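Subject: Model for your files, with notes

Hello,

Please find the model below, with the sequence alongside. My notes come after it.

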Amino acid sequence: MDRVVRLKLVLWVMVGLAAAIATARFAFGLGATTHLSDATPWGLWVGFDVMGGVALAAGGFVVTATVYIFKMEEYHSIVRPAVLTAFLGYVAVVVGLLFDLGLPWNIWHLTIYWNPRSPLFEVGWCVMLYLTVLMLEFFPVPTEGISALASLRRFLLTLRIPLVILGVALSTLHQSSLGSLFLIMPYRLYPLWYSPLLPVLFFISAVALGLMMVILESHVTAYLYRRKPETGLLAPLGAATRWVLAVYVAARFGDLAARGQLHYLASGAWQAKLFWLELALMAILPLALMSATRFRRQAGWQGAAAAIGVAGVVLNRIDVGGLADIGRGGPLYAPKWTEIAVSLGIVAAATLAFLFMIEHFRVWESRPADPEADPRKLPEFDKVGFTWLGTPAVAGRVKYSLGFVFAAGAGFALLGSPLAARQGSVPAPVHRARGDAGYLRSGVSEAASLGQPGELPRGVLYIDGDLTRYGVTFYHQREIERNGREKSCVLCHHMNMPHDQDSGCYACHRDMYQKSDASRHDWHASPHGANLACVECHEPGYARTSAHVKPCADCHKNLVPAGATIEIPNYNAVSYVDAMHEVCNGCHVKVAAREKKPEIARCAECHKGRLNFSDTRHYLYSPHAPAGRLVILPPPKVSEVH
Amino acid sequence: MKPAILTDTTKCTGCSECAIACQRVNRLERDIPRRWDFGDGLSAENWCSVVDAADNTFVRKQCRHCLDPACVDACPVGAMHKTAAGPVLCDTSKCIGCRYCMMACPFGIPRYEWSNVVPYVRKCVLCYDRIKAGGQPACTEACPAKATIFGDRDELLAEAHRRIRRNPGKYLDRVWGESEVGGTSVLYISGIDLSFLTYGEHFGKEPLPQTTTLAMESVPFAFLGMGAAMGGLYWIIERRNRLQAEKAAGEAKGQREPEK
Ligand code: SF4
Ligand code: SF4
Ligand code: SF4
């Protein structure tokens, strides 16, 4: 396969994968398709797609300024590709933004509701305006063959210089304002990145990135379409980049020194390592490579230096956009694979659009001779499929469509169950209450405290379903005595497993926070379980739903003990937490009302003053762990308590 | 009157009546632990939580209703706004879901409805409707220990200092919320350090919106300045090129003439 075809196939696969996830993103929401959290509300989609994307598109304003304002006519040949990259880059940014916004259909609100004090407001407006400018700048290229639009093109040409100047001014604003976005979070961003100079640093690095991006893009397309790299032409751009990068490095360190934060550099924290990696990639390595004339003039090194620099600046944007403030509160954030897939998919789509444009329009001085689109080539016979695959161009399309469809299918398959991910709840299996219930086994009526030291006394249970040691001490024996001995069992034990008389709560209420299937449908149907045919429970001829099913009691005669006070409305057992609150507090509320003792129905009656039903898994992630234990609230039927 | 809440953590018994009242009054749903929880009990459905802090102290957490709120300054469409009455509210009909407010808030307060396909930003509203009607928030009303009370900010500040003065051994000599980030409507006095309610650093006194002021106010100047600089450069370079071309043409002409 030809280089271009191979690349396009890969790109189509990436787009297909992203398309599947995009569907899930809009069908199930952000919780199901990202790892964003209340502690890290911005993630890869902001850091890479939006901030990285805007930076990557900086080539447009840098090159138009070079050619039309500084009049370096020798670069005329790279104006069109640079403007095209910028245009597609900004379209990609907007698409990425639509994924990331919680309410993307409201994005037009920016035009009618204004908050000029917000840097994000300014970025939004600049991006809108600059996208328009780029569109006008690029408009003459794809419409070149349409004579009806000739006068419009001529008009746009007279506007060229004002458009270029407007573009440069707008770019200056929003490239730097992306840095201003973070000025308001001095306590969130790590000190190595937070600086009042952020907007300036962002602007300088954007200029450098714009230059490096032009170099990189020229090398990549030269490789793809087997053209001679424009190394000689690009070398002076590399030399210019060197100066910009030098200014950047000086500004960055000067700023750290001025703020007295240099000691963080040697702190050994992972952020310090990240800082060094980022700075090495974005500035130091490219600076070194481009300073050596030998490397600068040689195609391979020139491309490599640009590639490293581009990666580094994107890393910088990701760092500022979220990576550098993780660990400053709440759970850690690492992007979910879906976030990465969508980001790559957007880049892939933009690249495909770019390749399409250079193949079909005069973006370069001469269009690339595309062997795949050559009409003189004959269809190809596929020995494996035993079929003619059409002309090479068509054959390519077949491959791309197949790649897209398979990738989309794989994407849907890999997504698993977005409905579960959307709930964002961690399964919390329930265990049997610890301690000795006492009554039946001992046969004695006194709540004898005979337990071993360190153990619970007989007749006392400790209820912490998920074994977190934050639970309630339940005086089982005392409750029995108070509520009428044997008669009292059915107050709580409202359903028994077969051959059992006092099944524990954990038998059916199997998750702390979520419903569980009390009928154990899968066990009944499984060959390793009851091995029942569907029709043994479900009425034949009806949909096999819970609406048409035999009552459990048809088989399980003693399932519900006589006199049980709790009704069972369906086959789902409520969560353990709900069940406990329902059964305990249900009684407590009644007693409180009867005996006029409201405190009996208060939380603290059972949760002795410390409402710490904490979820250790959660606070383990939190830097405030010792201070910030989670309180799960509140018990059901709150209104009855009052 | 500037509505405010004073929470005295030394009086709090951890009964969580405030949080229960908040859920009832604001018709919030019961919540379960989620992947995206911060770990402090607040969520899109819990606007008030009671954090079980060190030394047997309970601290109720809620939006601080800053006097100059960072979240309001950040919101690009002005959905987050500070009402004239004092509470900071989010107008969901304007919100675009950028979550910049969540990034900007120094206390990490606003929470997102991550599980929803149409998600909104949610947080304590200082019971806007109730205080507008002359009442007090549900949480302060529900507190059986009077550990969290509602009133005018100046009076509550005076009360806070009075309590500290009367009982210097019991309290740290500081009213949290008096001056950090420009002051907040929700004040705390406590026997323990409450820095864990923030990103763990002691805040300066400047309101956070001031951090962006300089950058935002330079915007028009940067725009015009850059435009003018580019225009000027264009004019100069263009003129130089033209003159050079004319000179070259003139010289060429001058060279050719004698041949004629
Ligand atoms: S605490 Fe946070 S959310 Fe509340 S007003 Fe202040 S900045 Fe806004
Ligand atoms: S998420 Fe909504 S309220 Fe928050 S800053 Fe964005 S638009 Fe404003
Ligand atoms: S002021 Fe109102 S909304 Fe805020 S925590 Fe109290 S009850 Fe909840």
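Predicted model: local features only at pLDDT ≥ 70, side-chain atom pairs only at ≥ 80, totals over all residues.

Residues are numbered from 1 along each chain as its sequence is written, chains are lettered from A and ligands numbered from 1 in the order in which they are written, and side-chain values use heavy atoms, with hydrogens and water left out.

Helices (H or I, at least four residues) and strands (E, at least two) are DSSP runs, numbered from the N terminus. Axes are lines fitted to C-alpha atoms, for helices over the stretch in contact, and angles run from 0 to 180 degrees between N-to-C directions.

Helix H3 (residues 44-56) of chain A packs on helix H5 (residues 79-100) of chain A at an angle of about 160°, the axes being 8 Å apart. H3(A) is therefore roughly antiparallel to H5(A) (angles under 35 degrees count as roughly parallel, over 145 as roughly antiparallel, 65 to 115 as roughly perpendicular and the rest as oblique). The crossing of H3(A) past H5(A) is left-handed (the near helix is turned anticlockwise from the far one by less than a right angle; clockwise would be right-handed). On the H3(A) side the contact (heavy atoms within 4.5 Å) includes Trp45(A), Val46(A) and Val50(A), and on the H5(A) side Tyr90(A), Val93(A) and Leu97(A). By class, this contact of H3(A) with H5(A) has eight nonpolar, two polar and two charged residues (Ala, Val, Leu, Ile, Met, Phe, Trp, Tyr, Cys and Pro count as nonpolar, Asp, Glu, Lys and Arg as charged, and the others, Gly among them, as polar).

Helix H12 (residues 270-291) and helix H14 (residues 299-321) of chain A have axes that come within 8 Å and cross at roughly 155°. H12(A) and H14(A) are therefore roughly antiparallel to each other, and their crossing is left-handed. Among the residues that meet are Leu274(A), Leu281(A) and Met290(A) from H12(A) and Trp301(A), Ile308(A) and Asp319(A) from H14(A). The contact of H12(A) with H14(A) comprises 14 nonpolar, three polar and two charged residues.

Sheets

In chain B, three strands form an open sheet of mixed pairing in the order S8-S1-S9 (two strands pair if DSSP finds at least two bridges between them). Strand S8 (148-152) and strand S9 (186-189) of chain B are the edges, each pairing on one side only. The twist averages 25° from one strand to the next. Strand S1 (residues 3-8) of chain B pairs with S8(B) in the antiparallel sense over five bridges, and Ile5(B) has Phe150(B) as its bridge partner in S8(B). Helix H6 (residues 153-166) of chain B lies across S1, S8 and S9 of chain B, at about 130° to S8(B).

Chain A has an open sheet of three strands in the order S3-S4-S5, with antiparallel pairing. Two bridges join S3(A) to strand S4 (residues 461-463) of chain A, and Arg434(A) stands opposite Tyr462(A) in S4(A).

Ligand shells

A residue is near a molecule or strand if one of its heavy atoms lies within 4 Å of it.

- Ligand 2: of 13 residues, Cys75(B), Cys95(B), Cys98(B), Arg99(B) and Cys101(B) come nearest.
- Ligand 3: of 13 residues, Cys22(B), Asn26(B), Cys124(B), Cys127(B) and Cys139(B) come nearest.

Regards
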